Amino acid sequence: MSDAVLPPLTIVEIQRRVGAELDRIGSVIDELGALFAEAGEELALVGGPVRDAMIGRLQEDLDFTTSARPEVTERLVAGWADAVWDMGRDFGTIGCRKGEWQVEITTYRSETYDPASRKPDVDFGDSLEGDLGRRDFSVNSMAVRVPGREFVDPFGGIVDLAEQVLRTPGAPEDSFSDDPLRMMRAARFAAQLGFTVAPEVVEAMTAMAGRIEIISAERVRDELVKLVRAPHPRLGLTLLVETGLAAHVLPELPALALERDEHHRHKDVYEHTLTVLEQSIDLEHRLGGEPDFISRFAALMHDVGKPRTRRFEAGGIVTFHHHDVVGAKLTRKRMQALRFSNHDIEAVSRLVELHLRFHGYGSGEWTDSAVRRYVRDAGDQLERLHILTRADCTTRNQRKADRLRRTYDSLEERIARLGEEEELASIRPDLDGNQIMGILGIGPGREVGEAYAFLLELRMDEGPRTAEQAEAALRAWWAARSS
């Protein structure tokens, strides 16, 4: 689905768009439909591709549903497709590629969750209407029979698409009982398309929030990533918090609503966090402009250490000392629970841990050594750290905001200047391990590591040295250490 909020559309405009899109892919859907019809089987373009065709955003991925069993589907497409795969056979799905189009064809089915199971039980169905009825939302429960191109919409999806509302085909309680992840998908679609979620759907999400616990961490993670990368993640995140779903999948977020930020007492940390997220998104052009999950999730998690570190001081002052360190640990723990990759965990938790470092810069009093350490500690996340630090300013005091911006401009200018002079991003000691061993006449071991650490600290404190200067410093350190 395209990551842009859908503008209002009339039903007439939707019909015009879907007709144009179906004409564009006619060679694929008509050929494939004819193959199945000749074999006495039904075939229909279904779900997301139909919805996307209606809004003029049809992608290269085409989903079909059919009366044919998987083995029949595989036989029918074998001579037509450029490539065929059957990894989804257990779920009734055969995949194939035809030119630029990626095609998945799934046997009519119904799937439900056992209350104690994380995996669906899959049963094949016997009608298109029955298949549509088990889908998540009415806007995804429309189909186009092929090759005749008959539009099938038993649940009013085209009206809901025009009105930009998310409803379930049947009772939302039944839909969410069948697959509780659909509750998170409601929040994700709200964030992606800017749709309103129908009141009865919100009510069911609230009553059944605990049911999300049976869904695997990986599936929850994937929905959360899509939501955070959407054009308006605040809409989806707010829905997760208000329905209680966030308490199960990202409990650190609703916990922020209970705290008061020491710098922004007119709003709680939760609201501050959502504002930081939005301001971070506004700065993504520095990364190339594409939705960046790591940057956004760091903004979302940057203050999660505050509830654990809140202290009340004399005079009514509230402090959150070391919330950066505590927040990094909580972030790491949550991302591990959601089965994120080690790379993403390291990147986000490092940003959370470093997000306050800039405030020690003051009016530019940092030494070059301190600037080097800032860059060294940020590593390959430096540009994201720039974004997070700038986004973290949500003060309404324009003079203060301008001062913070100018100060950070100054820091970035110093980083750029030192970077040109010293290649800051790859700071290493002026001598490597082999040189250290040769100069000191020692073999591999702990002492080489200690010497390396000494030279690295010297490099950070005083900048680059010549090999001769570094050797002299190393020999002096070794002599002092050995005396």
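The structure is a predicted model. Helix 15 spans residues 293-301 and is mostly covered, and its partner here is helix 14, which spans residues 269-282. Ser175, the serine in question, lies in helix 7.

**Burial of helix 15**
- Nine of the nine residues of helix 15 are buried.
- Among these buried residues are Phe293, Ile294, Phe297, Ala298 and Met301.
- Ser295, Arg296, Ala299 and Leu300 are also on the list of buried residues, and these four meet helix 14.

**How helix 14 and helix 15 pack**
- The axes of helix 14 and helix 15 come within 8 Å of each other and cross at roughly 160°.
- Angles over 145 degrees count as roughly antiparallel, and the two helices are therefore roughly antiparallel to each other.
- The crossing of helix 14 and helix 15 is right-handed.
- On the side of helix 14, the residues that take part in the contact are Thr273, Leu274, Val276, Leu277, Ser280 and Ile281.
- Sorted by class, this contact has six nonpolar residues, three polar residues and one charged residue.

- Helix 7, which holds Ser175, covers residues 172-178.
- Ser175 has a relative accessible area of 5%; buried means under 20%, so Ser175 is buried.
- With neighbours within four places in sequence left aside, Ser175 is in contact with Arg135, Asp136, Thr168 and Arg182.

How values were computed
Residues are numbered from 1 along each chain as its sequence is written. This is a predicted model: local features need pLDDT of at least 70, side-chain atom pairs count only at pLDDT 80 or more; totals for chains, interfaces and linings use all residues. Side-chain values use heavy atoms; hydrogens and water are left out. Buried means under 20% relative accessible area, exposed over 50%, partly exposed in between (1.4 Å probe, protein chains only). Axes are lines fitted to C-alpha atoms, for helices over the stretch in contact, and angles run from 0 to 180 degrees between N-to-C directions. Angles under 35 degrees count as roughly parallel, over 145 as roughly antiparallel, 65 to 115 as roughly perpendicular and the rest as oblique. A crossing is left-handed if the near helix is turned anticlockwise from the far one by less than a right angle, and right-handed if clockwise. Contact means heavy atoms within 4.5 Å. Ala, Val, Leu, Ile, Met, Phe, Trp, Tyr, Cys and Pro count as nonpolar, Asp, Glu, Lys and Arg as charged, and the others, Gly among them, as polar.
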